[in-house]
Structures are given as structure tokens and as C-alpha cells.
Amino acid sequence: MGIRSTFSKPLARWVRQRQQSWREQPGEAQQRWFRQLIDRAARTQFGRDHHFADIRTQADFRQAVPIRDYEALKSYIERVTHGEPDILWPGKPAYFAKTSGTTSGTKYIPLTKESLPNHINSARDALLCYVDETGNSAFLDKKLIFLSGSPELDEKAGIHTGRLSGIVNHHIPAYLRSNQMPSYETNTIDDWETKLDRIIDETLTEDMSLISGIPPWVQMYFDRIQARTGKAIKDVFPNFSVFVYGGVNFAPYRDRLFESIGKRIDSIETYPASEGFIAYQDSQNAEGLLLLADSGIYFEFVPADQYFAENPPRLSIDEVELGKNYAVIINNNAGLWGYSLGDTVKFVSQNPHRIVVTGRIKHFISAFGEHVIGEEVEKTLQYAMQQQPETEVVEFTVAPMVSPVEGLPYHEWLVEFGQPPRDTARFVQDLDTQLAKLNVYYDDLISGAILQPLKLTSLPRGAFQQYMKSQGKLGGQNKVPRLSNDRTLADGLLQVMR
């Protein structure tokens, strides 16, 4: 056993013990952070504008601070990006995490010296929880690969600016740097396909034990390795034992990914965002991700079905219920206040508080009043695939067809298959009937002859990769939306294929 794996075990035990102090009483931890955040930011411009000095209770805070997305908070953030101090948080940020927004263009998310531990320690602790529970620490002595954005940073008003994954790359502990892959030079390559080929050049002969990345891009890495070697991944990397992922639901990718590997391995799911590290999988034996209630973030939860109301309820962690969809609102020590992440989650446990990510609050189909959400289409696809287990799906998205050339409107499923279903007509029927079971409004629209049954458009291999490349979003942390309320993505995919 090497030095890294040896010393990781007492550290893992310490992390788990510290975790116990807040996971059993997360409401108290959240109340402490609420008070600390308000007090610390009281003299900032935002704090003065919103009377933080007068806030005594969470009800006071909700009255003073409305829910905002990036666009609504942009006037403050722009002042920060112009170099003004003490706007959202005391002083200036340490970094700006640069990310793409659907309506806001490029977004600049402030990261402060106080908020960085949330990102860095949470990623570390996810691995250490796994070590403590399973006893498997040997992977730490071998090579670890993180498929991420470039670590090269620009400057904006004298503040280092780059992709979150690239920023975090600069804070990887020194004891892991010697076995981290790919090399810095390779990681700075902008073109994803060129970068991927170089990563394969560097890793093909190495003893890889952990691979981390968004599932569709890891699958692309595996596909290219298999094309080069003709071998299953387990035969290329016999000690590969841990897969770390986040950003998308793993279920649609799981079977194909493990088939490429050639065996089942342990996986650790994480929920990082540029705005904050929200949760991670703390156990291989429990459903959901542990909400990080003691990590610099005060959380609020808005029932998803009331999110667009004029004054929606904003619940604390002690007020949430199991099985309901909530939009996630954060307030943190980077100066994001009443900030809507845009994600929806569902609590699957309250002791401790564990969540599953169910979709995006703005990624839904309700062109006809059905309000179909991401969780429903993912469960629907999973059901149809289970009926024909040979089916493999590479990627998919769903969009409404409001004005077809003939007939009633419908939902169009655009699917890239690795292995198509044996019986396509049955596959389509299974999709339609299962979605109707999961969404009563969709069922009413079908039975009421407002919609016709969904239609499946099978896309050729590489369709989604070509589309993402055409948008400058191939690889890294970019994700394909599962569903849209318009035809922008669907028509873009079809256009690329012409």
C-alpha cells in the first residue's frame, strides 16, 4: 500500500466524523450559515441596498431579497467584473468562473477565498467518504484522470477568470499532482477532439485507476480507445475501479458505459455547479446525494409547481417534504443572494437529507399545458429500454412539434442509438404509454385528441457530437438539454444532419 492510500484512511475517517456533526442536525448548521452570511455582507453594496442590518429572521430575508437568476443579478455582477470592491461580498473575488448561459451569453460567477473551500473540499470529501465506506484506497496510488476544461486563465479587471474545472485544477492537492492526468499542456488544448486524442496518447500505457468526467464525454474517450486498441477498457486499464461523474443523469448512459468497460465498477456521483458544490454521493448503499448543509451555502427550496407564481413559498431545509420537486435557491459566501440555480431536485431522504437532481426549471415541455419535466422523460426512456434490453442510447432530446405539416401536434423524440431497438414500433409505444403514466396532463392531451402519440426521429451516429461541435460546446462540462419548450435544439440537430 502506497503513502497516498495509507494516509487517506485516517483523513477519510476524520471527514466522516466531522460530517456527522451537521448531517444529523442540518437545520442548525443552515441557521448558523444564514446568520454568518448576512452579518458578513451587511456593509456591501448589496447588503445596504437590501437592509441586511435589519434582517433578524429568515422571513425578514425573504421579504428583503427576491429570487433572482443571473440576468436579474447582472447589474451587481457587472460592477464586480469592472473591479469594484464590496459589491456582493466584502473585497473582490479571487476568481470568476466563466460559463455559458442560454439567455445571458457568457456568465461570470464570482468565487471568493471564502467560497473556494466549498468547491475544493467537497470534491475531496466525496472521494474520502467512498474510501471510508469501502476501504478501497489503492486507486489513489495509481493514475487519476479528470476530463475537464482548460486550466489556462484569463483576467478580467485583474481577477483570474476561467472555467470552474480549470480553476479547481489549480487547487488540486500537491500529493495528487504527480499522478494526475492529463498533462497541463494537453489540458490547455481548446479543440475537444484534438485534446481527446492527445489524452489517449498520454493515458493509453498508464495504470489508470480513477476516471472522472461527464458521462457522454467519458464515453467518447472510451470509444476512441476501443477504436485504437480493439479491447475493452478493463483490458486497457485493468486497475480502473472508480468512476466519478456529475452534471447529467447517469441512468441513460450506464449500460453502454459499463459495456465499454467490460465490467461493473464503483461510481461516485457529484453535483457541482459554478455557483457552488451542492451535494455528493456519500454512500454506495443509499439512494441520492448528501446535501452539503455546512459548506458556506444557505439553501432555500421553492416548490417547482409554484416557481413562476408572483410570491412563491421559499422553504428551509427543515420544511421540505419527501418526493416533491423543488427549485434550488442558494445564498453563499461568494455573494450570490436569492440566486436560482435553475435546477430542480427531489428529497429521497430526510435523515440525512439526500437529493436526486430531477431536471431544470426552464427545461420542460409545456407547449400544450402538459409541463413534462426532465425526470419524466428520463424515466420513460429507461422503461422503454428495459423492455428491449439490447437497446443502447448514446444521447437524446425531446421537443414539441406545434405545427406539423399534417395531423395533430406531438412530441418529437430525437434519439441517437448505439444499438437500435429490435422492435421500433413497440419502443415508441412504450415511450408514449409510460410518459402518459408519469404525467397525467400528457395523458389527458393524448386521450382528449389534443396531441397525437409521440414520434421518434432516429439520428445517425455522431449527430449530437456534430451539433455540439457546431455550437462550440463539444466536450468539457457542456451538456445536451434533455428537453426544450421550443424547436431550437431539435431543428439545429436536424440541420446539422442535412
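Helices here are DSSP runs of H or I with at least four residues, and strands are runs of E with at least two. I'm working from a predicted model. Counting that way, I get 18 helices and 20 strands in the chain.

**Overall shape.** I looked up the radius of gyration next: 23 Å, close to the 23 Å that the globule rule gives for 498 residues, so the chain is as compact as a globular protein of that length. Along the principal axes, the C-alpha atoms fill a box of roughly 65 × 60 × 45 Å.

How much of the chain counts as buried? I find 55% of the 498 residues. I then took the contacts with a separation of 6 or more, and 67% of them come from residues 24 or more positions apart.

**Surface and charge.** The accessible surface is about 21,200 Å², and carbon and sulfur atoms hold 48% of that. I also checked the charges: 54 positive and 62 negative, with their mean positions 4 Å apart.

**The eleven-stranded sheet.** I traced an open sheet with mixed pairing, in the order β6-β3-β7-β8-β9-β10-β11-β15-β14-β13-β12. Which strands stand at the edges? They are β6 (180-181) and β12 (297-303); each has a single partner strand, so one side of each is left without a neighbour in the sheet.

I picked out β14 (residues 339-350) and β15 (residues 353-360), which pair in the antiparallel sense over seven bridges. On this pairing I noted S349, which stands opposite R354 in β15. As a reminder to myself, strands of a sheet pair through backbone hydrogen bonds, either parallel or antiparallel.

Terms used:
Residues numbered from 1 in each chain as written. Predicted model: local features only at pLDDT ≥ 70, side-chain atom pairs only at ≥ 80, totals over all residues. Heavy atoms only, no water. Rg over C-alpha atoms; globule rule 2.2 N^0.38 Å. Buried < 20%, exposed > 50% of the residue type's maximum accessible area, 1.4 Å probe, protein only. Contact = heavy atoms within 4.5 Å. Areas by Shrake-Rupley, 256 points an atom, 1.4 Å probe, with all protein chains shown as cover. Lys, Arg positive; Asp, Glu negative; His and termini not counted. Charge placed at Lys NZ, Arg CZ, Asp CG, Glu CD. Pairing = 2+ DSSP bridges.
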